[in-house]
Structures are given as structure tokens and as C-alpha cells.
Amino acid sequence: MIKTLTTLLVTVLTAVACQSAGNTSARADIIIASDLPTSAFDSALPFEHAIDFAIRSRSTIEGYSVAYWPLDNSLGAQQSQLRGRGNVRRMIADPSVLGMVGPFSSFVGRIEIPEANRAHLAMISMTTTSSCLTLAIRVCQPTAAELRPTGTNNFFRLPAPDPAQGKAMAAYAATKLGLRRVAAFNEFGPEGAEYIKQFSDEFASKGGTVVYQQELDDSTSDFSAFFTQAKLRRADAVYAVANVSGNACKAAAQMTKSMPGAVFLGTDGISLDNECLRDIGPTPPAIWATSPTVDAIANPDPAVKDLVNAYLKAYPAASTADLFPNVTAYTFAAFDCARILIDAIGRAIKANGGKLPNRMQVVTAVAQTKDFVGVTGTYSFDQNGDAVTPMMSIYTVRDGHWLNVPL
Amino acid sequence: MVAQGLTNREIAAKLFISERTADGHLEHIREKLGVNTRAQVTAWVVRREAVELAPPVARPARTQVPTWTLAHPRAWLGAALVLAILGSGTALLRLTEPSPPMVRTVVGAQCAKQQDPGGCWEADIQRALDAKLSRPTSVAVDSKGVVYIADSGNGRIRRVQGGTMATLAGGGKEALKEGLFGLSVASDSLGFASTVAVDSNDQLYLLTSRDDVLEVWSIDSGGFMHHVVSLGQSSVTIGLDAPNLPIGGLAITKGGVLFIADRAGNRVLKFDGTTTLYAGSGQKMGDGGAATSAQLDWPVGLALDKRENLYIADTGDNRIRRVDHAKGTITTVAGGAGEFEGNTGDGGPARQALLSFPTGVAVAPDGTVVFTDTGNHRLRQVSPDGTISALAGSGRWGFAGDGLPAVDAEFDGPEGVFLDSAGNLLIADTENQRVREIPHLYGPQ
């Protein structure tokens, strides 16, 4: 992987150094678009930079010029389904657009995917995690199948569907933490039950057992009854499918007294949340939680570090914004999405005898992506469009801070 | 905040924006005011506050408004002197030029702390100009000048009377509760309300969504809520974590007939004891044909003219539509020149203009149609002869221009709009978390 990324770095540095800014406005044979809420959220701007960074590293794809078309789906200060859908329609109307990166949020995706699907426009998202976008889940409205009226998938993503965090947490709990008996509570409703099911299945495959499970209202503030039951069943850990506003971290603080020595496991409902660090109190239990991201800054790989530095050098203005770091956990996922599209378009051109491919051929090429080495992971896609090995990280609390740990 | 001596970094922290963005806003402010320094901005703010804080927040007097005004009695004296000295017809012409519409804020203030999904919340603040709103999406005014606001992001219905604001329903950040208005009586959740309307008897109506079902509720003079009608499954998934409001629109005839825009169902329904399809559900635009066979896309705002012709903010189609009351046919009033959103056409035929997601609509007594061109952060109007023109908003998003000509003001995603019986235009300036007003825009209805 290091060799591959080093090669990439050299390519990026050379290409970016040779190109002036403003590539995005150039007319080109191939256009890669994005749909992001950049005027609503400053934090979305680094995604555009990262996509631009990836596209500027390639002046051509198999001899065809390529440009970036960033579109903004903000309406007022909010993400807008309507404007997002309008943006997708604009992309579809331009035959040069062969793929898009985005959207940022699942609720925008649910209205964009059918539009893009009818036109066979490939979409790759770096941030959407709703199960309903890809999985056949009964409670989803609309279903994943209804989002794809042509019957052929055109939507791909790098993060895992939310409940896959359960599987990742279970694997880590069993193999790295040596846990065997876990009690779980769920404040996320039907989707939360799916987290626990995936946790339970993976945990069982590695010799563990979920010894107790309870559904709780997200207004629960006293978890003593749950801990009593967990303790009765000799649980050595608690898996909390809840978020900070649902008092998950206050539950961790209460667990310290009710179940001394027990481990507290959580989801991205608590990981990287500073309010959680306050809620867990001065003597918290051992806490581990998943996050469906990969933070490039935390990556010790020298090639990745050099790439991050090259990115920051290419976009120095953004890096001065200390309120919104220019490199967030998802920034290089956006970079990877753009590179996966570029790679797929290149393969589609080759498969088409050197001629520009149509959108369906690009969709097919994206679906056939195999072991693509990116900054945030190595990617192939399943038949639903989900990454076979999605982005996932584990964080623990150490000295009052969230610390990324190796998987 | 500049006037309070805050640095760009401190402003950025307060507004949850980047320092770079704060600097950009300050640059716009400097440009707008024609000044160069922070000190000059501060001086301007101090002058404006002296002007804006002086008058009470009460609704303007309901008097016949001339087409031209002079703001101060001394101006009359000055004008008389000028006329006497010059004896000039030119001076007379200048004096009788109509004043440009001005905009001002009537409810809402800058948030101290931004909350999801935008806007802010603090315990009830009585002075309307200090109130904290969160994404106000709809506004209505009764015949006595009482203003009702759907404070959607806060899950509350607000009432403003004489410059004082109160919460009528909703506990903040949660669904409305059934029960007596003004009390915390709660039984069953009413869901989320994004739209308010008032009938000719000053009865307040709410359009709500509960479990994906649109419902209409009325509020009687004693403050009791009455279920009016449920409209069936509408696939509107509402959560306060998603900016998914408004859910539709509401208009009421003098005879009490309700028209309900069902955004998710792409249709407008009529309720006069029974519910029938009034417009939408078709697959083609359908101009000139039966409204019930026409396409509507994400219809939101509704308004009725004197003849009870219905105007629809056909938001997703980037058009304003009109359903003829007598014939039941539908036509496009504004927009529709192209396939996508845009911001063109002022001064020309409204049907050759491009709009951007118009959300709210109102009709003046003379037939002028006013609408919020939400994606363009403007308000535009269509005169009875079909010409479209700018009414308010420079087209650049932001908050500026109170006390200035409305066309120079800045709005941010304005949605609901309401023309009251005195001719004042109320605007839900949604992303600015305020309700603003262009007073005396038209004569009394």
C-alpha cells in the first residue's frame, strides 16, 4: 500500500504543481461533478478541495481532458433536497458529466438517487450512512429498490451503513479486548436493533455472547435497572446504541458505580464528541466507540502524511480556518471517491476501445472496482453499492481525549 | 457584533462560521455601507439602532396609505418652502414620486448560539424584536393585526401582538401537543406544524404532519384546538434534525373552504366537508388544461385572490401557477422559461422569467402577485399585465437593509409571505430567523 500511495503522491504533486487553479471552469471532454452543501456548511468546503485536488492530479484520463464541476445544494442555510435534485438534473443534462461525488447527507441522497439512477449516472458518497440507501430493510420508506427504478445500482459509498458499526465493534471487543459477555441497550429504535443484531452475530462468531438486551427510550436518564440486569447476567461490558443527547455517556458514568471494571462500548453517537467527555465524569470506565470514518491525519503512513501536507499546501487559505479544520475525518474519503471515479472512467474508456464511454459503462466500471487502494482504505463494492471493507475506526478515551486506535 | 467590538474570530465563534466567512461578511457590510473601517461600521450601527429602537413594535395603524409619503412634519415645511421659492413643476414632480418600498424586521433577533437545524432558542422573550426564532417558515396575520408564526425549527407556534411575543403551542424542539393552547397540557402528539393560516373570522389554522399524515387543525377563540381533516399518507418524514419543512401550504376562502398543498403528494386538495383533488397529480405541466390533470412538483405556498382563483408556489417546477376558480384550469403566472432554476427576466413577461424554488405567494387587491423567490433570496412581483419585477432583496444572501429600500436589502432563503388586510407584506425570512415586513406596500384589502 505504501508503494502505491507513494506513487500517487508523486503523481499528485507533479500534476498539481504543473496546473493553475481554475481547472474547474475549463470545458473538458469529461466532467466529474459534486453535490455538496458548501454555502450552508463551511465544513463541506474541504470536500470540494479534496475532489479538486484529486481531479487536478489528472489533466487527462486516457487522453481525454477532465474537469471538475462543483455544485452546491444549499438553499438558504440548509441542505436542500430540491436543489440537490435540481443539481443532479443539471448534471444529467450535460453529456460530459460521467459521474458525481456526493451527496453529503442521506436525506438528500434519497431524492437524488432515483434521478441519477434513471440516467445511469454513477454517484459515490463519502459521508452517507443510512442503511435505507443500500439495504433491503422493511422499515425504510422508500426502500433501496424503490430508489433504483432501473433495477441497476448506480449509488456507491465508502462509509458503512450505520448498523455495520455493530459488527466492527463486536470484532474489536472479542479479538482486541478479549470480552465475552456483553449486555446491550438500544435507543435508536428499529435501526438500533439492527446494530445489536450485527454485533451479536459477529460476537457469537468469535466466541462471545450478548447476555442481555433492552430497548430504552432516548429520554432515559437513570440506567440503574439496566445495569442491575446486566450485572445479574455477569456481563463484562455494555454496548450502548445511543447518542450523547440520549444520555449514553451519562450511562457510562453510572456504569462505573454499578458495574465496576466493566467496559463501555459505543457507536458514533458518542465517539469524538466532546460533550461525552464531560458527561462521563472524572473517573470514567474504559470506553471504546466506533466511527464510520478514517482520519487521514491519524494515519502513520509517511506517504499519507506527505499527501496531507501536499493537500494543505495546495489549499492554504482553507487551512487557516481553525474553527473548521481543513482536513476532517471525511476529507480524504472525498478524495478517494473522486479517484475511484477517475479510475473507473479510465477502465471504461479502455473497455470501450479508447472511445468515451456512456454513463452506464461508467456505472459498470465503478461496480467492478476491485481492491482500489485509497488513502482511507482499500475498496471493492458489493451488489448494493456498499464498500466491502468500509471506512471504520475505533476510538478510546485517554486522558480526557478521544484517541484513535489501530484496528 | 462588530459594533460590540468583537473580532472576526469572536464573531465566527459566536455564529459557528469560519473566521474567513466572518471576514467576508464584514467586507460585504463595508461595501454595502460604503465605509472602510470597523469604526465606521460601528458608527452606522449606533445610528441605526437609534432609529430602529425608537418606534414601538406594534403593527402599523390601518389607514389609507398614499402612494407617496413624507416621513416627518418638518419635511412638509421644507417642501412648502421649496415650492414657494422655486415655483417649479419639477420640484412638484419630485415630491410626488412614490417612495420605494422599505423593509424592516418585526420579529426576531440574531442568535447568540446557533442550534440545529439552524436558528436558535431561548426561553420566551416577550419583546418581539428580541425573540429567538428557528427557521420560521410561515406567517399569517388576522384582521386585528395579530401575527402568527410557524417557528418550525423550534416546533412552536408563536403569536405577536403589539410588539409582544408569546408561544401558543409547542414545547420547543419537540412535536406539538394536543390540548389547550397556551398550556402545557399534553396528550397525543400533533406532529410538526410548518404552516399557519387565518380565516375571515380570525380563526387560526395549522397544517401539521403526524406519522406522515397531513392534518389540519383549527383554533377557536377560546384557545381550543379542533381536528379539521386528515389527508392520508403523504410520505413526508419529518424530524427536527432534517430541514424538511414546510410540509405544504394552506389557504382559506371567505366561505371557509380549505385548500391544502400536499408537498410530498405533489397535489393541492380542496376541503369543503369532503376532500377532493383540486390540482396536481398529473405527469405533464398541463397549462391551459384541467388543474386536476396538471403536474405540480413540491407545491408549498397558496394564496387566493378576490375571485378565489388559487395561486400556487409550484416550488419544484420553479413556477407560480394559477387555478381559475370558475373553469378549474391551470396556467403559469411566472417562471417556466427553462428546465432549471435561474434568476432572470425582471422587466419582461413573467412567464419568460427564471425563478429559483419559489416557496411563498400572496396576491394584492389589484391582482399583483408577490412571491418569495427563495433560492435567489429575493421577493418578486408580477403586475396584472404579466410583467415581473424585483420587489425586495438584492439577490445576495445575508441580513442587511432594514430601513433601506427593499430592493437593496438582503434576505436568506425567505419562504412564507403574507399580505395583511392593511396592505403590509410580512415575510418569513427563514434562514435569518426573523419575520420582516414591507409596510404599506398595497392599499387595504
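Modeller: A residue counts as buried if 20 or more other C-beta atoms lie within 10 Å of its own, as exposed if 12 or fewer do, and as partly exposed in between, with C-beta atoms placed from the backbone. Helices (H or I, at least four residues) and strands (E, at least two) are DSSP runs numbered from the N terminus. This is a predicted model, in which local features need pLDDT of at least 70 and side-chain atom pairs count only at pLDDT 80 or more, while totals for chains, interfaces and linings use all residues. Residues are numbered from 1 along each chain as its sequence is written, and chains are lettered from A and ligands numbered from 1 in the order in which they are written.

The strand is S20 of chain B, residues 369-373, and five of its five residues are buried. In a regular strand the side chains alternate between the two faces of the sheet. In S20(B), B:Val369, B:Phe371 and B:Asp373 point one way, and B:Val370 and B:Thr372 point the other way.

Strands are taken as paired if DSSP finds at least two bridges between them. B:Val369 is the bridge partner of B:Val363. Five residues lie between the strands of this hairpin, and B:Gly367 takes a positive phi near 95 degrees there.

The other partner is S21 of chain B, residues 378-382, which pairs with S20(B) in the antiparallel sense over five bridges. Here B:Asp373 has B:Arg378 as its bridge partner. The hairpin of S20(B) and S21(B) has four residues between the strands, and B:His377 takes a positive phi near 60 degrees.

As for the cores, a nonpolar core is a set of buried Ala, Val, Leu, Ile, Met, Phe, Trp, Tyr and Cys residues joined through C-beta atoms within 7 Å. The largest has 122 residues, and A:Val238 and A:Leu341 have the most contacts inside it. Helix H12 of chain A (residues 331-351) gives the most to this core, with 13 residues. Domain 1 (2-161 + 297-391) and domain 2 (164-291) of chain A, with bounds from an automatic or database domain assignment, both contribute residues, so the core lies between them. Another core, of 91 residues, lies apart from it and includes B:Tyr148, B:Ile157, B:Leu258 and B:Leu419.
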